[in-house]
Amino acid sequence: MCKEALKIRNKSFLLKKQEDKRATLLSKERDFRSLQPTEICDKGDLAVISREKELLCCLIEVTAKTEKEVSEIIDKFHYGTYGICENCFEDIEDSILKKNPLAKICEICHYEMCLLTKR
Ligand SMILES: [Zn+2]
């Protein structure tokens, strides 16, 4: 697969992922708003509602974070910087982009950063 074909494939993958994350966010936010205690709720019901709200909050937070990350990568197509290492500004290897369309750094920088964090 040539670099351009790989970029086109990854862009459509990322746009689909962005769409999925946005749909999940909308549905989870709707679920969150619908979790309202009613007059017939007892203490047990309230505890369940509160716990469910907490879980939804975590899920919304994680999904929003991923959506933001994906959107930032999609912006790189617009600026022509997709596939360029954020650390050394060299091209990210095709093999890395094939495995991980969200890759931001090249293999060498990734390796060096791993070594640094292990020290
Ligand atoms: Zn690099």
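How close do the axes of H1 and H2 come, and at what angle do they cross? In this predicted model, local features require pLDDT of at least 70 and side-chain atom pairs count only at pLDDT 80 or more, whereas totals for chains, interfaces and linings use all residues. Residues are numbered from 1 along each chain as its sequence is written.

The axes of H1 and H2 come within 9 Å and cross at roughly 155 degrees, axes being lines fitted to C-alpha atoms, for helices over the stretch in contact, with angles from 0 to 180 degrees between N-to-C directions. H1 is therefore roughly antiparallel to H2, a label given to angles over 145 degrees. The crossing of the two helices is left-handed, that is, the near helix is turned anticlockwise from the far one by less than a right angle.

The protein chain contains four helices and zero strands, where helices (H or I, at least four residues) and strands (E, at least two) are DSSP runs numbered from the N terminus. Along its principal axes, the C-alpha trace spans about 60 × 40 × 20 Å. Buried residues account for 11% of the 119 residues, a residue being buried if 20 or more other C-beta atoms, placed from the backbone, lie within 10 Å of its own, exposed if 12 or fewer, and partly exposed in between.

Helix H1 comprises residues 3-34, and its end C-alpha atoms are 46 Å apart, in agreement with the 46 Å that its 32 residues should span at 1.5 Å a residue; the expected span is 1.5 Å times one less than the number of residues. Its buried residues are Asn10, Leu14 and Lys21. Helix H2 (43-79) and helix H3 (94-99) are among the elements that cover these residues.

For helix H4 (residues 107-118), the twelve residues should span 16 Å, and the end C-alpha atoms, 17 Å apart, agree with this.

Phe89 lies in the loop between H2 and H3. Its phi is near 65 degrees, a positive value in a residue other than glycine. Most residues other than glycine have a negative phi. Phe89 counts as exposed because it has 9 C-beta neighbours inside 10 Å.

Key: Contact = placed C-beta atoms within 7 Å. Parallel < 35°, antiparallel > 145°, perpendicular 65-115°, else oblique.
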